[in-house]
Amino acid sequence: MKKILILGAGFVSRPGVTYLLENKNFEIIVADMDINRAKNLVEGFDNGNAVELNVNDTEKLESLIKENDIIVSLLPWVFHIRVAELCLQNGKNMATTSYVGEGMKKLDAEVKEKGLLFLNEMGVDPGIDHMTAKKIIDNVKKNGGRIVHFYSYCGGLPAPEDNDNPFGYKFSWSPKGVVLASKNSARFLENGDLVDIDGKNLFLNSREEFVEGLGKFEVYPNRDSIPYLELYGLNDSETVMRGTYRYPGWCETLKKIVDLGLVDETPVKGLKGLTYHKMMAKIIGSDNAENIKEKTAGKIGLDQNHQVIEKLEWLGLFGDEIVPDADNYLDILSILLKKKLYYKENEKDMLLLKHKFIVENRDGSKDQITSTLVDFGIPGGDTAMARTVSLPLAIGVKLMAEGKFDLKGVRIPVVPEIYDPVLEELEKLNIKMVEKKESLN
């Protein structure tokens, strides 16, 4: 019986853990600093066990790694290297949903040398986006065609019927992580031109995108798309751009939040005991907190009745509540967002992923191919985010445990040996892209 250690029992863990527990050939150990969260995931399964673990306890972490065959890290990405190094020392295969950073890349030669597989980027973005895009790209090339333009957009959002707050967003994971992403710079290739966008201007570069059956969305660029020219084999393409979906109005609002300095992590003295409106006075450099709504609007060049100011007021930033016990504006904002932008009982989230390709065929004709995934959470059950993040990972781990991958090193799912069986299994779980082709001749 294969023994699989899952580190982390957070927001997205349940569907993938349940999928693996349903295979009675596996023994699943879930380790988390909150033992009750771990116990809840394995409850009702004879082949599941829960363990309390603080990942900073290296001795206990290594002991658990030694006792198992495959190590799955659903921990925050900052812990992956520590886990990876212990897997290397003890000859264990590993899997994560996270991007491969420089630290993980540096382990590739040693992982190969030891005959191990560290399978990363096995979630939805990154993960399903890689697999579904690369499958189409490989098929076009196989038929002698070329991808001229490639756009890939993804976002986790409230389902339309539960999109009922002014921000058009609810958190299915860490608010701080979402807000921090608003500071990322971006790069992409469009119509042969390299486009560089500084983090402070990220939300000035949004565009409108229509999704059939759902309507209009905003898209803003997602980090650095340039590595995907090589990663996806698109070196002869004129456009390669990855982006993030949001409901209309998000980009303008987040731009003004960034301009106000509300995403600043720098420690600030004198925040303890302040009301929100006094904190806002401090932020905009006002001597007093009177007419703070009007003053804040003026600071960022808006009328006080502008929708962005109305959203900030709805959030509570001009109110009399005492700010949380934190020493920087980002943490205070994150706590407030978590309090206000949350999923109520039986509400659904939505995962939206869409690729758009302009293809030049062998005979010179052109087609547009779109490939779209829309997945909804289950009221009272798993979220779409949890399903689409943890199920691809679990499927990959199952295939690893069954010896189906003849691959070594630090890998991501951009080869048919990985993406074909994983996508086939995801379809059985009703996670499927809908593909359409249209002639442009």
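Trainee: What kind of model is it, and how are residues numbered?

Mentor: It's a predicted model, where local features need pLDDT of at least 70, side-chain atom pairs count only at pLDDT 80 or more, and totals for chains, interfaces and linings use all residues. Residues are numbered from 1 along each chain as its sequence is written, and side-chain values use heavy atoms, with hydrogens and water left out.

Trainee: OK, how many cavities of 30 Å³ or more are there?

Mentor: Two. A cavity here is a set of points, on a 1 Å grid over the protein atoms alone, where a 1.4 Å probe fits but cannot get out; lining residues have an atom within 4 Å of a point. Grid points are joined across faces, edges and corners, and a volume is the space filled by probe spheres set on the points.

Trainee: What volume does the largest cavity have?

Mentor: About 50 Å³. Its lining consists of Ile-6, Ser-13, Gly-16, Val-17, Leu-20, Val-72, Leu-74, Ser-390, Leu-393 and Ala-394. Helix 1 (14-21) and helix 15 (384-401) are the elements giving two or more residues to that lining. Helices (H or I, at least four residues) and strands (E, at least two) are DSSP runs, numbered from the N terminus.

Trainee: And how does the lining of the largest cavity split by class?

Mentor: Seven nonpolar, three polar and no charged residues. For the classes, Ala, Val, Leu, Ile, Met, Phe, Trp, Tyr, Cys and Pro count as nonpolar, Asp, Glu, Lys and Arg as charged, and the others, Gly among them, as polar.

Trainee: Which residues line the second largest cavity?

Mentor: Phe-167, Val-179, Trp-250, Leu-254, Ile-257, Leu-333 and Leu-337, around about 40 Å³ of space. By class that lining has seven nonpolar, no polar and no charged residues. Helix 10 gives the largest share, three residues.

Trainee: Switching to pockets: how much space lies in the second largest pocket?

Mentor: About 470 Å³. A pocket is an open set of grid points with protein on both sides within 12 Å along at least five of seven lines. There are 25 lining residues, and the closest to the centre of the second largest pocket are Thr-132, Lys-135, Ile-136, Ser-371 and Glu-435. The elements with two or more residues in the lining are helix 7 (128-142), strand 14 (366-376), helix 16 (416-428) and strand 16 (434-439).

Trainee: Which of those gives the largest share of the pocket lining?

Mentor: Helix 7, with six residues. Overall, the lining of this pocket divides into ten nonpolar, six polar and nine charged.

Trainee: Back to helix 1 and helix 15. How do their axes cross?

Mentor: They come within 7 Å and cross at roughly 30°, which makes helix 1 roughly parallel to helix 15. Axes are lines fitted to C-alpha atoms, for helices over the stretch in contact, and angles run from 0 to 180 degrees between N-to-C directions; under 35 degrees counts as roughly parallel.

Trainee: Left-handed or right-handed crossing?

Mentor: Helix 1 passes helix 15 in a right-handed crossing. The term means the near helix is turned clockwise from the far one by less than a right angle, and left-handed means anticlockwise.

Trainee: Which residues of helix 1 meet helix 15?

Mentor: Pro-15, Gly-16, Tyr-19 and Leu-20, and their partners in helix 15 include Ala-386, Ser-390 and Ala-394. Contact means heavy atoms within 4.5 Å.

Trainee: What about helix 11 and helix 12?

Mentor: The axes of helix 11 (residues 276-284) and helix 12 (residues 292-299) come within 10 Å and cross at roughly 30°, so helix 11 is roughly parallel to helix 12. Their crossing is left-handed. His-277, Met-280, Ala-281 and Ile-284 of helix 11 make the contact with Ile-292, Lys-295, Thr-296 and Lys-299 of helix 12.

Trainee: Where is the cis peptide bond?

Mentor: It joins Asp-125 and Pro-126, with omega about 15°. Pro-126 is in the loop between strand 6 (117-119) and helix 7. Glu-121 lies in the loop between strand 6 and helix 7 too, and Glu-121 has a positive phi of about 60° although it is not a glycine. Most residues other than glycine have a negative phi, and most peptide bonds are trans.

Trainee: Last one: what does Lys-24 touch?

Mentor: Met-1, Phe-45 and Asn-47, leaving out residues up to four places away in sequence. Lys-24 sits in the loop between helix 1 and strand 2 (26-32).

Technical notes: Parallel < 35°, antiparallel > 145°, perpendicular 65-115°, else oblique.
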